Amino acid sequence: MMTSFPTRVRSRLSGTTPSPRSPIVVGLCALLVAAAVGLALAAAAGASPATVARALVDGTLGSPFAVGTSMNSAAVLMLVAIGFTIAYRAGLVNVGGEGQICLGGIGATAVGVSLPDSVPSAVAIPITLLAAVLGGALWAAIAAWLKVRRGASEIITTLLLNFVGLAMVVLMVHEAALLRQPVTSSETLPQSESLAESTHLPLLGFTGNPATIAIALAVVLAILIGIMLRNSAIGMRLRSVGLSPSAAARLGVPIDRTAFLGLTAAGGCAGLAGGLLVTTAPFVLAEGFSSGFGFSGLVVGLLARGSMTAVAAVSLLFGFLVSGGINLQLEAGVPSSTITVVESVLVLLIAAAAWWASSSSTRSVESAGKQAGRPSVDTEEVPA
């Protein structure tokens, strides 16, 4: 018995087809162009390249405190990028990291302020972080359901849910009936009460370094997810759905369920990032606590191009850039938003490169089919 199966899908699954454009080359070129844009913006603000470089180094490596802060930021970015990669393997683009972080932070705060300090940290921390995972996963599940049941674009729905998630945080910290701390005077800030001490993430123990076990959790999760995506049946299903849903359906893969779980898992990872943010100093939920980590994590995921090793490396790079951007404004007088502009340029360049590579690959396949006197449909007969 013979069964039609897309050649490109089969070869991609076996890892034998080289990419038309090397991800490393694309990433390096994008980084160079984005860096040039950043230096041009800094020059417009009156700062020389040497001043910018010195401010970035001081803000990232200048002290143990700067290093620890950068590592904590890298952990959050890594989790968002891990989630993005899971969804990307299923052919989905999760741009809702910011909103999912917000719901994760809300879930963790709701549990963290309710637990008594007498609860051991070994119990309180997992419960708090589990609430964060569930919050982010449920938020992503809204977009996943709309995708599989109504055909709504997950790019649009996850993007719009970001704004709702940010508004939910504002509501939570401004309403006394929800999570706002008791108002004792006109100077009481609109934020939650401090989370129970038992939910505070332990420090790694380096002198003068505020790095917590968040970075260890993120690295371990990246390793486990990387192994799962590469070597497990679940990872194979995600890849097959992302490469060719029609071919995967013919092989018996549940397309809708796989896509739903992929996007929901991505939300759970981003929600965990939100939980890490509120269980790290200052241990409160406040407006703007997500600090654009969702967008930055998206950039990390795009740069990594599906590689968990690259996710870890790029997250560390961007974690240090986030901390350096704050010092950039303090020492060089360059707005910290310059880092956001650089990240935006990276997104545009990588997206354009991916579109160009995909278009070139499609044209090459069609041209080869015409030269061989075959139809442009990329199939061949293989034994079942």
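Contact here means that heavy atoms lie within 4.5 Å. By that criterion, among contacts in the protein chain between residues at least 6 apart in sequence, 78% join residues at least 24 apart. The model is predicted, and its protein chain contains 14 helices and two strands.

**The chain as a whole**

- Of the 384 residues in the protein chain, 45% count as buried.

**Helices α4 and α11**

- Two packed helices are described by the angle between their axes and the distance between the axes.
- Helix α4 spans residues 64–89 and helix α11 spans residues 255–278; their axes come within 7 Å and cross at roughly 175°.
- Angles over 145 degrees count as roughly antiparallel, and α4 and α11 are therefore roughly antiparallel to each other.
- On the α4 side, the contact is made by V76, L79, V80, I82, G83, F84, I86 and A87.
- On the α11 side, the contributing residues are G262, L263, A265, A266, C269, A270, L272, A273, L276 and L277.
- Sorted by class, this contact of α4 with α11 comprises 16 nonpolar residues, two polar residues and no charged residues.

**Helix α7**

- Helix α7, formed by residues 154–174, has 21 residues.
- From its first C-alpha to its last, α7 reaches 30 Å, which is close to the 30 Å expected at 1.5 Å a residue.
- The buried residues of α7 are E154, T157, T158, L161, N162, G165, V169, M172 and V173.

**The loop between α11 and α12**

- A cis peptide bond, with omega of about 15°, joins A281 and P282. P282 is found in the loop that runs between α11 and α12 (293–304).
- F283 lies in the loop between α11 and α12. Although F283 is not a glycine, its phi is positive, at about 65°.
- S291 likewise has its place in the loop between α11 and α12. Its phi is positive as well, at about 55°, although S291 is not a glycine.
- S291 is exposed, with a relative accessible area of 54%.

Technical notes:
Residues numbered from 1 in each chain as written. Predicted model: local features only at pLDDT ≥ 70, side-chain atom pairs only at ≥ 80, totals over all residues. Heavy atoms only, no water. Axes fitted to C-alpha atoms, helices over the stretch in contact; angles between N-to-C directions. Helix = DSSP H or I, 4+ residues; strand = E, 2+ residues; numbered from the N terminus. Parallel < 35°, antiparallel > 145°, perpendicular 65-115°, else oblique. Nonpolar A, V, L, I, M, F, W, Y, C, P; charged D, E, K, R; others polar. Expected span 1.5 Å × (residues − 1). Buried < 20%, exposed > 50% of the residue type's maximum accessible area, 1.4 Å probe, protein only.
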